[in-house]
Amino acid sequence: MSRDYQRARVYGWEDRHIHPRDHSVIPFEQAQSIVDYVWAEAGRTHPPKVAAISKTATRSVATANRLRIRIPRHGIKTTVLLHEIAHSMTGDIDKPGNHGPAFAGTFMRLVSRHIATFELAELMRTAELEDIDFSLAEPNVS
């Protein structure tokens, strides 16, 4: 089993059950305040900094590690930003967390907590349908 064994399944689950229901666009200029709020609401200090992703980036819409979240200058869907925040919360300084159970559970908690149209029970049901391993245990706060 590879290190990020469910990456493709998580992206497929998000594409089928999450991102199509998100019609929001967060302007780049507002993204840092949202990251700060989500981070503080989770009881964490020292949130990652938002920066522009390279215009030449072709493989990623956005990226994140513990210290930085890179997003497009034209803005980002709320669910995609929460995906990157979940990576930052489960990753380390050098790289994002993988798409394993801690990431999936963190992402589900963030989406259900910050977007009123998503319920945790429904996210859990669709994740189970898509064979996504998740853990709802709160990750260690650092």
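1. A pocket is here an open set of grid points with protein on both sides within 12 Å along at least five of seven lines, and its lining residues have an atom within 4 Å of a point. In this predicted model, the largest pocket holds about 430 Å³ of space. Its lining comprises 21 residues, and Tyr 11, Ser 60, Ala 62, His 83 and Glu 84 lie nearest the centre. Helix 1 (7–18), strand 2 (63–64) and helix 3 (78–90) each give two or more residues to this lining. By class, the lining has six nonpolar, eight polar and seven charged residues.

2. Helix 5 (residues 120–129) has Leu 123, Thr 126 and Ala 127 buried. These residues lie on the same side of helix 5 because they cover an arc of only 105 degrees around the axis. They pack against helix 1 and helix 4 (101–114). The face turned away from the buried side carries the exposed residues Ala 121, Glu 128 and Leu 129.

3. The whole structure contains three salt bridges. One of them joins the side chains of Glu 130 and Arg 16 at 2.7 Å, N to O. This pair links the segment after helix 5 to helix 1, across 114 residues. Glu 130 is buried, at 18% relative accessible area.

4. Arg 113 forms a salt bridge with Glu 41, with the closest N and O atoms 3.7 Å apart. Arg 113 belongs to helix 4 and Glu 41 to helix 2 (residues 28–41), so the pair ties together parts 72 residues apart in sequence.

5. Within helix 5, Glu 122 and Arg 125 are three residues apart and therefore separated by about one helical turn. Their salt bridge has its closest N and O atoms 2.8 Å apart.

Definitions and conventions: Residues are numbered from 1 along each chain as its sequence is written. This is a predicted model: local features need pLDDT of at least 70, side-chain atom pairs count only at pLDDT 80 or more; totals for chains, interfaces and linings use all residues. Side-chain values use heavy atoms; hydrogens and water are left out. On a 1 Å grid over the protein atoms alone, a cavity is a set of points where a 1.4 Å probe fits but cannot get out, and a pocket is an open set with protein on both sides within 12 Å along at least five of seven lines; lining residues have an atom within 4 Å of a point. Grid points are joined across faces, edges and corners, and a volume is the space filled by probe spheres set on the points. Helices (H or I, at least four residues) and strands (E, at least two) are DSSP runs, numbered from the N terminus. Ala, Val, Leu, Ile, Met, Phe, Trp, Tyr, Cys and Pro count as nonpolar, Asp, Glu, Lys and Arg as charged, and the others, Gly among them, as polar. Buried means under 20% relative accessible area, exposed over 50%, partly exposed in between (1.4 Å probe, protein chains only). The arc is that of the directions from the helix axis to the C-beta atoms. Contact means heavy atoms within 4.5 Å. A salt bridge is a side-chain nitrogen of Lys or Arg within 4 Å of a carboxyl oxygen of Asp or Glu.
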